[in-house]
Every structure is written in C-alpha cells, then in structure tokens.
Amino acid sequence: MKALVLAGGSGTRLRPITHTSAKQLVPVANKPVLFYGLESIAAAGVTEIGMVVGDTHAEIEAAVGDGAAFGTQVTYLRQTAPLGLAHAVLVARDYLGDDDFVMYLGDNFVVGGIGEIVSSFAAERPDAQIMLTRVGDPRQFGVAELDRDGRVVGLEEKPAVPKSDLALVGVYLFSPAVHEAVAELKPSWRGELEITDAIQWLIDNGRRVESTRITGYWKDTGNVEDMLEVNRLVLESLEPRLLGTSTGSELIGRVVVEPGATVANSRIVGPAIIGAGARVTDSYVGPFTSIGADCVITRSEIEYSIVLPRSSIEGVRRIESSLIGHDVQVTPAPDTPRAHRLVLGDHSKVQISS
C-alpha cells in the first residue's frame, strides 16, 4: 500500500497567515500539522508517500525533505491548480500504479492514528473505505447517506440540504478501481473533480464501498478556531520538560521549555510550550499556548494562542484566542481594549495599547 498526501490548496480560511505560508505547515504545539499526518501514515506501516503539492511546493519540500525523518520515502507530485481531491488522484495516477493507497488530507488531524483502518482495509479489501463522523453543520463537508443496514448509498459534497449529519473525514482508502471512477468524472458545480463523485460512481457501478464511524477526535484545521482547538488538544498530552532555563519563575502544570529557551521572572501555566531559543521575561503565559522558536515575550500576558517563530510581543497587557504569524511585532499603542484577538500574517507590525 502507498499513501497519497494532499498538501496543495491555498488555505483561504487561514488568511492572512497563508498569504505567505503553506496551511499544512502552520504549527500545532510547535510542530506543523502536516507532520502529525506523516507520522500517522508511517505508524500504520505505509512508507511510500506521494505528496501532491501546488504553489507552496518549495516550502513543503524544504520542510519534509525526502521523508527520511518520518521513516518514509516521499515523492513530490505537482498539481498546477487546486482542481479537487479526485484531480489529485488523477495527477498521481502513474505514481500509484495498481497499488492500493490511503489518501490523507495534509491539514487534517485524527487522534489515534489510522493503523486500525489501514489494517482492516488490507484484510477485507473493499474498493473503497471511508471514515465518517457526526458534525454540527454538515453543509461544510462531504456528506454520506447510509441505508438502514449501515451501507453507504449516497455521497454529496457540501450539500445545501444534507441528507445526514455524517461528514467524511479527510482519510480515504482505495483499491485501483478508483482510477476507473476518476476517469469518468466531470467537474462539479464548484469546477472541481470531487472525490465524493468518484466514490458515488463506485457505488452506482456495484463496487464495494465500506464506511467506518470514528468516535475519536478529528479536525479539519482549515480555520483559526479549529487550529486553536487542535493546539489545545495536543498540549493536553504534554509531559512537562525543562530543557532550557528558568530563573525567578513559576512553571505550573504541563509546561515544556525547549532547548535554548529562557524564562525569567515570569509565570507559565500549562499546558503550554515555549519554543527553542525563545525568551519570556516579566510575563504571563497561560494555558493552551504555543510560543514558537526564537520568539520574545516581554512584560506581556497571553493565553490560548499560537505564536509562530521569531515574533515579539512587548508590553501588551492581554492577548487571547490569537494566531500570530512569523516575524510579527506586537507593541503598545494608546486607547485600545484590554483584551486583543489577533490573526496576523507573517512580517506584520501591530501597535496595541496596554
């Protein structure tokens, strides 16, 4: 079995961060969300990975390399435009050959990994196997309709009137039969080749499509709220480690201070992580906060936030529920509220009253 990882797409819901960064590389607990997917694939015993990349290919390739760091072999496949998930399968046709494969959306986060579903697929070998979970607003997802016996009878992409609340999780398993289905597709109303249409073709043509209902945690990290929620979840599993230095400070609960980081005259309440080389001075860092490498936090308060590398926050009384990009400067300015909520792109400069 091979893996097909989708790491293209423009990440419009995470702008302005994704104006200058690939959405799959936005970090969760100081590690790109894409890396969690690659680790899950490797843990499931799949080592050959075709990675579909688009305009951000240089950044993705620099971060992932040849895949050896994950115990895998990565081959990069260029997609000229984000024309749908099924189009990515079309792009990867020669690479995939006649092998079974797992398709994994690079900005998805699945707790517990995919080892069980990969093993089940390899043992039973249906033509396709999908993962489903109940969601509050299925209009934002691909939606599956099941009959009374739990068999998949219909799928629809982002329907205006959903037939169920079962959304497709961004992990799919296919036999080579899917290539026949993809070859028959026409663009949807969105102008894309939809993977839901390909699976529907398999159903309509008598092929075997199985589904698995997941009960664990899954998120499509496509917007700021979901990024912060996944960051919270991952930080909950931290084991406290002091690999940098702490002087005159309180480190309470699950706090990680990475190598080269310094914490001085500050209070850090976990779960939280202070990245390598970061400096936190005379500040408060609250729960569910990830401070990236080489950041500077001085005379400030921040919690439930993600700060990307090399950014600085100086003299700001309160920041919460924020996603702050690379190389950002946040400093005081007069007459603004005590609490600030920020979504800042890379290289931003913002003045905030404190």
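1. Arg232 is placed over the face of Phe288, 6.0 Å from the ring centre; a charge counts as over a ring if NZ of Lys or CZ of Arg is within 6 Å of the ring centre and within 35 degrees of the ring normal. Lys2 likewise lies over the face of Tyr95, at 4.6 Å from the ring centre.

2. The model is predicted: local features need pLDDT of at least 70, side-chain atom pairs count only at pLDDT 80 or more, and totals for chains, interfaces and linings use all residues. Residues are numbered from 1 along each chain as its sequence is written, and side-chain values use heavy atoms, with hydrogens and water left out.

3. There are five aromatic pairs, where rings of Phe, Tyr and Trp (its six-membered ring) pair if their centres lie within 6.5 Å, and planes under 30 degrees apart count as stacked, over 60 as edge-to-face and the rest as tilted. Phe35 and Phe70 form an edge-to-face pair, because their ring centres are 4.9 Å apart and their planes stand at 70 degrees. This pair links distant parts of the chain, 35 residues apart: Phe35 belongs to helix H2 (residues 33-43), and Phe70 to the loop between helix H3 (57-64) and strand S5 (73-78). Helices (H or I, at least four residues) and strands (E, at least two) are DSSP runs, numbered from the N terminus. Both Phe35 and Phe70 are buried, that is, under 20% relative accessible area, with exposed over 50% and partly exposed in between (1.4 Å probe, protein chains only).

4. Phe288 and Tyr304 are also edge-to-face, at 6.3 Å centre to centre and 90 degrees between the planes. Tyr304 is partly exposed, with a relative accessible area of 24%.

5. Nine of the nine residues of strand S11 (residues 166-174) are buried, so S11 is largely enclosed by the rest of the structure. Strand S6 (residues 101-105) pairs with S11 in the antiparallel sense over four bridges; strands pair if DSSP finds at least two bridges between them. Phe101 has Phe174 as its bridge partner in S11. Strand S8 (residues 128-134) runs antiparallel to S11, joined by six bridges, and Ile130 stands opposite Tyr172. Ring pairs link Phe101, Tyr172 and Phe174 into a cluster.

6. An open sheet of seven strands, with parallel pairing, has the order S14-S17-S20-S23-S26-S29-S31. Strands S14 (241-242) and S31 (343-344) stand at the edges with a single partner strand each, so one side of each lacks a neighbour in the sheet.
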